[in-house]
Amino acid sequence: MNVSLNWLKERLDFGSRSLDEVCDLLTFAGIEIEGLQEIGVKSDQIVVAEIKEAVQHPDADRLKVTQVDAGEGSLRQIVCGATNYKVGDKVPCCLPGAELPGGFKIGETKMRGVESKGMLAAGSEIGLTDIEDGLLILDPELPTGTPVQNYFDSDTLIEVEITPNRPDLLSHSGLARELAALLQTTTIPVEKSHPTETTEDPSVVTLNSPTCPFYSALSIKNIKVAPSPEWLIKKLEAIGLRPINNIVDITNYVLHELGQPLHAFDASKVTGNINIRQATEGESFKALDEETYTLTPDDCLISDSTNTPLALAGIMGGLDSGVTDSTTDIILESAYFTTSEIRRSSRRIHLTSDSSYRFERGVDPQNVLPGSALAAALILEIAGGEIAPKTITAGQLPDPLPDVQLDVDRLLQLMDHSISLQDAAAILTRLGLTSEDQKNWHIPSWRADLERSADLIEEVARVHGLENVPSRTGGHAVDESPIDRDYDRLLDLKKRLVALGFYETQTIKLIAENQLRDCLPLRPLQDGDLVKVARPLSEDHAILRPSLTPGLLATAENNLRQGAKTLRFFETGKQFRNVGGGKATDLEAHSIGILLGGEAAPLSWARGQNRPIDLFDLKAAIQSTLGGRKIQLTTRPRDGFLLAGDIQLDGKPIGTFAQVLPSRIREIGFDAPVYLAELDQKKILGLTEDMFQVTPLPQFPGSSRDIAMEIPLTTTNAEIEKALSKHQEPLLVSTVCFDQFSDPTGEKMSAEKRSIAYSFSYRSDKGTLKQKEVDTAHEKLRTHLEKSLPVTFR
């Protein structure tokens, strides 16, 4: 939210506090200051200058060489590209050394060979608002050579980040009220008001929607729509709003002053009474942004007796019912809408406004009528007119917030007796709470976030200042817990993946329904397994992810848009599903997701054509992450993937893998294979050793033997590895496949067979092996392979 410092000072006296001190105070109280922006002319080297001469630049069609009088006793030559001035006009002249917004300093230079000693400026270039394209034309009565800053107001724009639980701070009066509590002072209230009696009249307003608990309408006739006065224009421009006309500007002013959204209807465009109702299925609404939106019965409409939509409740007015220059009579709306319904409608149709931003978070219901009364007073003052003696209302305002009992013992314990109960009560009182006994506290209407004793204690702590709470007890060493060990092991695993060239990602746990096709859960999904959000904020956040892979593919797509050639990502986190097809409680489990694709290595002059990453790169990465343990990949079809299967270690599943379909790869803008893996984090962390296992170098030489064998093409590598793993030969230390050959033509060997060659290494840690020992061990291996696999030796 943008806050004008000048506007804020109208509601609060800072005393001797500087702006930096006030910003620090807000920050430590939990209200983040995102930035400060100076508005107005800050440099005294920007002066009033009169243009005495303007001739065409000899070498540029769009530039002119001017001679200006800047009050220096002699003319100054400046090259200028603007066209909206004439000789005799007075304009801002930035002398050499002047600093413009953004830190840019003016100096002397040459433009297309012609010397230019400064710059003639537009309003936006020196911190003001542009009135027209080109230079800022000043009052001809201003004396030349005087600083321009003497004739324009300056201000500071404070950009404040307000958390969703503090909608009471979304106005200048609300922020001033908070600052007054922190500065131990009082606010200066808004004095203008034109209150009227209230009455219910169904012939004027009918309420038929649960989205609107309370609605008020005030008729004002014979107004004159015109541009706003200068003071109002300056206030709105200071916070980045564009003035429209006096009526609309007044409603915007009240919103940013009190935090109460208002809307003004042209009464001549309203037929009969105002009817607050739910929209019908497929009903169309044309908003002020000139876009047409299709509504559902979940949306609330303000309409007339003909059911013509006038406004989308709490979000935006209609294009055809708004105030125009010809408007003479208006109906001023001030209402209270429920937060969840406004949020749902706004998110569904992707339409937000300053009003919806506040209604979504919750406005102060006790500001509905005061906001209308303030607007009425300003309209009467600025636009004239006749205000109806009564405000027509419908519905009821919410009941007062329930009292909260303060746990005094808990307060003193948490604050370590750094504050007395009397001082804590004084803080709560400054925040607008009231109490007769300092235990039971009445909550003001604007602080609906205060519901428990813990909330009151938090308010005391942040105003008192956490830095004022003594820290007298140091930390104690405790025994390592299983949670600590798992954390350390997971961190070590992440470091290994990063060392292999992977980047860690963090994605949101909610996915869209169309992302389910990218899921690679540890167990295939069944009907009822999905955990769906009952009231999602948007369609993109409708389902709790049953797998980490959708987020990894979305990350890959974003990186491809930025020109990435290699994709190496991993993520650790929770995935969710219903146990037993939705017949039991929800299950949260931790997984490790991996995505790999693109080029196997970076481009290099020392290497020829690069190869694409394949499935064995994924296997190698997983094995390296697991400390060199050998894994097996066994195929098992998964819907939506070209190739898929299980990742096994010692015959037990520890995860799944898959190759993404080429059609899906093309959708994300890639042209190389992409591989995914999802590992069971609990099982993986259980494999991790807490200490490095050091193995001494072998003391005795080893011996190797080769085997070349023919196997059917249908025999997989996983079957061979499984057979080798079952051979319990203590002398066999390693196995390497170094060659394979097949002949589809059948000329050199059967087309249904493949020749494959392995090298086997034997070694003993007790002494040098004799040839007979190696031969015996090797013969046992050959016999085992013949029994386990359909092989013939060559």
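These legends walk through several close-up views of one predicted model. Residues are numbered from 1 along each chain as its sequence is written, and side-chain values use heavy atoms, with hydrogens and water left out. Because the model is predicted, local features need pLDDT of at least 70 and side-chain atom pairs count only at pLDDT 80 or more, while totals for chains, interfaces and linings use all residues.

View 1. Helices (H or I, at least four residues) and strands (E, at least two) are DSSP runs, numbered from the N terminus.

**View 2. Helix 2 and its buried face.** Look for Leu19, Val22, Cys23 and Leu26, the buried residues of helix 2 (residues 19–28); buried means under 20% relative accessible area, exposed over 50% and partly exposed in between (1.4 Å probe, protein chains only). Seen down the helix axis, these buried residues fall within an arc of 100°, so they line one face; the arc is that of the directions from the axis to the C-beta atoms. The face turned away carries the exposed residues Asp20 and Phe28. Just after helix 2, glycine 30 has a positive phi of about 95°.

**View 3. Leucine 26 in the largest nonpolar core.** A nonpolar core is a set of buried Ala, Val, Leu, Ile, Met, Phe, Trp, Tyr and Cys residues joined through side-chain atoms within 4.5 Å. This one has 46 residues, and Leu26 is among those that touch the most other members, as are Val160 and Leu179. Helix 3 (172–183) gives the largest share of this core, 7 residues. Neighbours within four places in sequence aside, leucine 26 is in contact (heavy atoms within 4.5 Å) with Ile31, Ile33, Leu175, Leu179 and Leu182.

**View 4. Helix 5, largely enclosed by the rest of the structure.** Of its 13 residues, 11 are buried, including Ile247, Tyr253 and Leu258. After helix 5 comes glycine 259, whose positive phi is near 85°.
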